[in-house]
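Please look over the sequence and the structure shown here before reading on. The report below takes up a few selected points.

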Amino acid sequence: MSASLRLVRQPGHGAGKVASDFSPLLGDAVRYAVDGTAAITRVTADDLAGHVRRFGDRPRATGGAGTELVDTLEEIGLSGRGGSHFPAATKWRAHLAAGGGGVVVANGAESEPASAKDTALMQLRPHLILDGLACAAEAVGAVDAVLWLHGGAHAARSSMVRALGERRAARLPDPAIRLAVGPDHYLSGESSAIVNALSGRPALPGFTTRPAAVSGVHGMPTLLHNVETLARTALAARTGAAHHQGTSLLTVADETGRTVVEVAPSTPLGEVIEAVSANRLAGGEQAVLIGGFGGSWLTWDAAALLPADENYLRAQGISLGAGVLLPVPDDACGIAVVARIADFLAASSARQCGPCLFGLRALADGTAELARGQSSRRDSRRLSLFLAQTVGRGACNHPDGSVRMIESALATFAADVESHRRRGSCLHPGSARSFPIPEPV
Amino acid sequence: MTARPSPPRHASVGGLRAIGLVAAVTVSGGAAGALIASGFRSVSGNRMAPWIIGRAAGITSYLLLVALVLLGLVLSHPWRTRLTRPSPAARIQLHIALTVFTLVFTALHVVVLATDRFAGVGWWGAALPMRASYRPVAVTLGVVGMWSGLLSGITAALAGHLPGRVWWPIHKVAAVALILVWLHGVLAGGDTNALRWLYLSTGLLVAAAAFSRYTARTPADQLAELRQ
Amino acid sequence: MARDSRHGLNRRLRVNPVACDGVGICGHLAAELVRFDSWGYPIVTERALDQRDLNRATAAVAACPKRALFIQDSRY
């Protein structure tokens, strides 16, 4: 695929030791099928020698270098790429303020079915992730460094295991890193679920009043980052803030598969999607789901010109989240896609919190009625009530994401929602040409 | 960061008001019963009047208790989340209102029969086990059932002053008062076919509701399924 | 002191949704602070508690059989 070269704009400055100027993390786009973790395009993982050739040796992050690294992360505004986009430096500082030590975790449990960017990164750049984990462990003085993966993520796991072996064999000055494998269900990649699992409890989200960085695994400060966040940490440790390139890894998910690309912040989202999946279309796109299943729907016209820039999007009330772009073409029923996602999210509830267990089910039933054109005015009032009663009511953010997805859908597909309600018919009937929503694990 | 709350130093309005309400209802119910009973005696001169009033109050109180326990089972039933009306708050209010009425008619039942010289129960028989000359075992079941029901009601009225882990188990266990009261009804008052049918049908109804409540799939069961 | 403006200390009633089983006693004891959603689970007020609220909130916290309610001090 040459898509990524066209997508990534010329950066304003040189990139220091980093080999690739335009796509510091990924290189070319990587394609995956609609499910599974095995890439369709040929991917070759960097072995340790290749990794060092490409990026150089890992800088140490002990003592003053650690403090410097936190400053760098703050300066470049690195945010959590698992979806929250929480400022990384804030977590590190909270961890250090809580006394440091404790545990660092690299979260490679990519639960978003439409996303493949973490898998791509683990398959292509395992050493960069491990570099970031090692830097984080050194900077906060962690006593335990863990790589957390889904049990079913075989391709990513074998790549990471091989990389860990290479590093041990080469006797790199790394803190000891251990691999922990969790269940495959959607919420086992949620941070409090990981903290629970590593503390010997079931891998389910928990209710906490203190962040994991203050009190996490076994009550110790726990620094938990998505693998992409850590890979970017490893880059930042090498380049410093001055040569930083603020790219994003995005996954474009359509019915032909999932394509992972790396784009500069100035790239319009419409351009990203068209470069990857425009050829399949007769009539163009109708709308895009941005972020993930718990993300926001936007009409194509509203989304196409938005830049892939988290700070810009945040000001508009949108987030790149886990980097998913899920386009729905003009000849497909967007509300049907919304209903299937709502059902997936309801079935993926950890079933611990009443409002999530019953609220998401009620929301899924409500959107399914709407998709079938069997929703009365009373039903739509009930749907609004259930949305208001579900948001902010869980131990984790799972219900909030579901509410965001459905509320934004009602606004984005407003005309079609009205048509479903009044006439029981769809304004965009025809194909089912969009990313197939899987059955929940 | 989080404060574990200390118990309030001065008893708050809610608990005292509840106890006061229970006391007022008991006293006024009993007084009303005594008045009505003496009224009947003096006016009609019918010696059977207190006996009939006492038994009628007993059956009414039993039916109210059945409704009370049924509503309690609904309140805690895993399927309750599908029930939109009455609202959860109204359901609790109704549960409390039923308690008050049950208490009124129980008080009437006890006072009338305790003061009836021909009933063979007396104050001691109505308050303590095995002190009645009339069907002592049957009356004792009623007496124990009454105290057990009172325990359930009073602990619940004190919720907020008693910790949840104290009043909640007592509240649930003491609800078996209904079993004792049922036996009391069958043994002491099951002398006509109509009443036997009444006890059989209401008993089966409560048993079915209790079975459904304790075997229905709960959110915790769903969670356990996820963990497997 | 429920609200200490000098220190910006606020107390709020909070619910642990994992522990909560929707028993409903909180809504009875603190009706001004707790309402119920469509499934019978409590929605607690987000406002800072004043002294009157605090008595009711404390009763609701104590009465909860699931120990799902608590009062949180926060500085904002």
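## The model

This is a predicted model. The values below were computed from its atoms.

## Where chain B meets chain C

The contact draws on 25 residues of chain B and 26 residues of chain C. Together the two chains bury about 2,000 Å², and 62% of this lies on carbon and sulfur atoms. Four residue pairs are in polar contact across the interface of chain B and chain C, with both residues at pLDDT 80 or more, while the number of salt bridges found there is zero.

On the side of chain B that touches chain C, the elements giving two or more residues are strand E1 (2-3), H3 and helix H6 (164-174) of chain B. H3(B) supplies the largest share, five residues. Sorted by class, this side of chain B holds 15 nonpolar, seven polar and three charged residues.

## Where chain C meets chain A

Here 14 residues of chain C are in contact with 16 residues of chain A. About 1,200 Å² is buried between chain C and chain A, with carbon and sulfur atoms giving 65% of that area. Within chain C, the residues that lose the most area to chain A are Pro17(C), Val18(C) and Trp39(C), which together make up 50% of what that side buries.

One salt bridge is counted between chain C and chain A. A salt bridge joins the side chains of Asp37(C) and Arg393(A), at 3.0 Å from N to O. Three residue pairs, both members at pLDDT 80 or more, are in polar contact across the interface of chain C and chain A. Strand E1 (10-15), strand E3 (42-44) and strand E4 (69-74) of chain C are the elements that give two or more residues to the side touching chain A. By class, that side of chain C has nine nonpolar, three polar and two charged residues.

## One residue: Val121(B)

Val121(B) sits in the loop between helix H3 (88-115) and helix H4 (122-127) of chain B. Is Val121(B) buried or exposed? Its relative accessibility is 15%, and buried means under 20%, so Val121(B) counts as buried.

Apart from its neighbours within four places in sequence, Val121(B) is in contact with Leu113(B), Ala126(B), Arg131(B), Ala132(B) and Val139(B). Between Val121(B) and Arg213(B) there are 37 Å in space, C-alpha to C-alpha, and the two are 92 residues apart in sequence.

Technical notes: Residues numbered from 1 in each chain as written. Chains lettered and ligands numbered in written order. Predicted model: local features only at pLDDT ≥ 70, side-chain atom pairs only at ≥ 80, totals over all residues. Heavy atoms only, no water. Helix = DSSP H or I, 4+ residues; strand = E, 2+ residues; numbered from the N terminus. Buried < 20%, exposed > 50% of the residue type's maximum accessible area, 1.4 Å probe, protein only. Contact = heavy atoms within 4.5 Å. Buried area = accessible area lost by both parts, 1.4 Å probe. Salt bridge = Lys/Arg side-chain N within 4 Å of Asp/Glu carboxyl O. Polar contact = N/O pair within 3.5 Å; in protein donor to acceptor, adjacent residues only side chain to side chain. Nonpolar A, V, L, I, M, F, W, Y, C, P; charged D, E, K, R; others polar.
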